[in-house]
Amino acid sequence: DGSERVASSGGGGPPPPADAAAGLVYTKLLTHYEFDLGLNTVTRKWSDPVDPTANLLVALPGGDDGPGGVLVCSESFVTFRAPGHPERRCLLPRRRDMPADHGLLVVSHALHRQKDLFFVLLHTELGDVLKVSVAHTGAVVSEVVVRYFDTLPTSVALVILRTGFLFAASEAGNHTFYQFQGVGDDDELPAASSTQLEGVALDGEVEAVLIEPRALRNLVLVDEVDNFAPLTELRAADVTREGSVQLCALCGRGPRSTVRVLRHGLAVAELAVSELPGTPTAVWTVRTSAAAEYDSFIVVSFVNATLVLSIGETVEEVTDSGLLGSVATLSVQLLDAIRS
């Protein structure tokens, strides 16, 4: 039936854990501070206990754009908290083959905001991306809904661009760049809701929404950025017998592990050497016209002088360039000819 009974232990106000060895009891608090720009002071306005497993806070837009407050991500739960507002606690959807007594943590998040809506993407330690929608009227939140979105390699950070792209900085392996194909509103999979936990004790049992990883539906992979982390082994040897040493690196983790061979780049051919009277502050290359294929001049700016060099068979100083040589140059740019 797509559900599983899981012991509830998230939200706010659970019994504080104890360190048996040291005999200490600790409590994790969510604290709200107010910054007064006029007086340049910070005032502690509100504080309340939260689940000791809480590891991530997501700030929600306030004012006309949202209810304000924060989402507290803890083991297997996400909870809306705000001063003077009852908490809205929701159980995170979990994989069908995941043991019921195994907690689920959120490792990264991204917030997408528009004029009339906003939503949050949470990325779990297993790689599943969950979409969080907050139903609210003004500053009053009535429901928190979490549904499965897609599955990506586990990330350390997510960034949503206004152009409709998502960048995921991967924990292991190449970073990935995706384009949105949908926002998951028409997904037929069941969603977890905070209303399912209303009236349920913190240590009670609740029905967990079960999911299974699938191929990308709301995102499409556009590009990858090379990432060697984590680098587990590095050896220097001529394994390909090319006459030069290569660096052989073992990268990644699990199914995203790779063996990469690094070679020295192409040698640089030195064409000319020109001594400079000092340390330059800026260097530009300029063409003689927009139609020219190659640059013809090098402009070197110093603190109190400008040097113009011509590029040809040799590199020589130019004295009739039109630039004042006794002052620094801020910028050099070629402008196309004005046509009448």
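This is a predicted model: local features need pLDDT of at least 70, side-chain atom pairs count only at pLDDT 80 or more; totals for chains, interfaces and linings use all residues.
## A term to start with

A polar contact is a pair of N or O atoms within 3.5 Å; within protein, one of them must be able to donate a hydrogen and the other to accept it.

Let's begin with Asp128, which sits in strand β13, a strand covering residues 128-137. Is Asp128 buried or exposed? Its relative accessibility is 4%, and buried means under 20%, so Asp128 counts as buried.

Which side chains does the side chain of Asp128 reach through polar contacts? One is that of Arg95, at 2.9 Å. Another is the side chain of Thr151, at 2.8 Å. Once neighbours within four places in sequence are left aside, the residues in contact with Asp128 include Leu122, His123, Tyr148 and Asp150. Ile211 and Pro213 are also among them.

## Arg81 in strand β8

Next comes Arg81, found in strand β8, which runs over residues 77-82. Arg81 has a relative accessible area of 4%, so this residue is buried. Its side chain is joined to the side chain of Asp48 by a polar contact of 2.3 Å.

## Ala157 in strand β15

Our last stop is Ala157, in strand β15 (residues 155-160). With 32% relative accessibility, Ala157 counts as partly exposed.

Technical notes: Residues are numbered from 1 along each chain as its sequence is written. Side-chain values use heavy atoms; hydrogens and water are left out. Helices (H or I, at least four residues) and strands (E, at least two) are DSSP runs, numbered from the N terminus. Buried means under 20% relative accessible area, exposed over 50%, partly exposed in between (1.4 Å probe, protein chains only). Contact means heavy atoms within 4.5 Å.
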